[in-house]
Amino acid sequence: MPRLLGVDIPTDRPTVISLTYLYGVGPKIARELCIKAGIDPQVRARELGEDEVARLAALLDKDYVVEGQLRRQTSQNISRLRDIASYRGLRHRRGLPVRGQRTKTNARTRKGPKKTVAGKKGVKDLR
């Protein structure tokens, strides 16, 4: 199983697909990497030689921000927004959607499971 930047990429898939298992590498960048390294994108990852894996690793280190470095950069950006108390930073701190989505009915991914508030249903008016 080839190992790139501390991540085992799947061997049973084409190289161009296997590269997308790296954080920060999508289909477009994976194609670019294969072309720059001179590797056939459709060859299986298990068939890559040590020199080809080394070329891919060197290209990733030199030209792209991926994996740990990208995760660190993203978390530093979020913590900077929190520290300066910007609107986006406050939304991150509260665990709410950051980019202007509605929160009255949706946003369950960010807010978590519903917290039911008791008392409204079935209460009779005693006037």
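Tutor: Let's start with a term: a salt bridge is a side-chain nitrogen of Lys or Arg within 4 Å of a carboxyl oxygen of Asp or Glu. And keep in mind that this is a predicted model.

Student: Okay, so how many salt bridges does a search of the whole structure find?
Tutor: The search turns up 5 salt bridges. One of them joins the side chains of Lys-28 and Glu-32, at 3.0 Å from N to O.

Student: Where do Lys-28 and Glu-32 sit relative to one another in helix 2?
Tutor: They're 4 residues apart in helix 2 (residues 27–37), so about one helical turn separates them.

Student: New topic: how is the chain divided into domains?
Tutor: Domain 1 covers 3–64 and domain 2 covers 65–95. The contact between them takes 9 residues from domain 1 and 6 residues from domain 2. Their C-alpha centres are 28 Å apart.

Student: What area is buried between domain 1 and domain 2?
Tutor: About 640 Å², with carbon and sulfur atoms giving 65% of that. On the domain 1 side, Leu-5, Tyr-23 and Tyr-64 supply 77% of the area buried against domain 2, more than any other three residues.

Student: And how many salt bridges cross that interface?
Tutor: The count there is 0. There is 1 residue pair in polar contact between the two domains. The side of domain 1 that touches domain 2 has 8 nonpolar residues, 1 polar and no charged.

Student: Last one: where does Thr-105 lie?
Tutor: Thr-105 is in the loop between helix 5 (87–94) and helix 6 (108–111). Its side chain makes a polar contact with the side chain of Arg-102, at 3.2 Å.

Student: How far apart are Thr-105 and Thr-74 in sequence and in space?
Tutor: In sequence, 31 residues; in space, 28 Å from C-alpha to C-alpha.

Technical notes:
Residues numbered from 1 in each chain as written. Predicted model: local features only at pLDDT ≥ 70, side-chain atom pairs only at ≥ 80, totals over all residues. Heavy atoms only, no water. Domains from an automatic or database assignment. Contact = heavy atoms within 4.5 Å. Buried area = accessible area lost by both parts, 1.4 Å probe. Polar contact = N/O pair within 3.5 Å; in protein donor to acceptor, adjacent residues only side chain to side chain. Nonpolar A, V, L, I, M, F, W, Y, C, P; charged D, E, K, R; others polar. Helix = DSSP H or I, 4+ residues; strand = E, 2+ residues; numbered from the N terminus.
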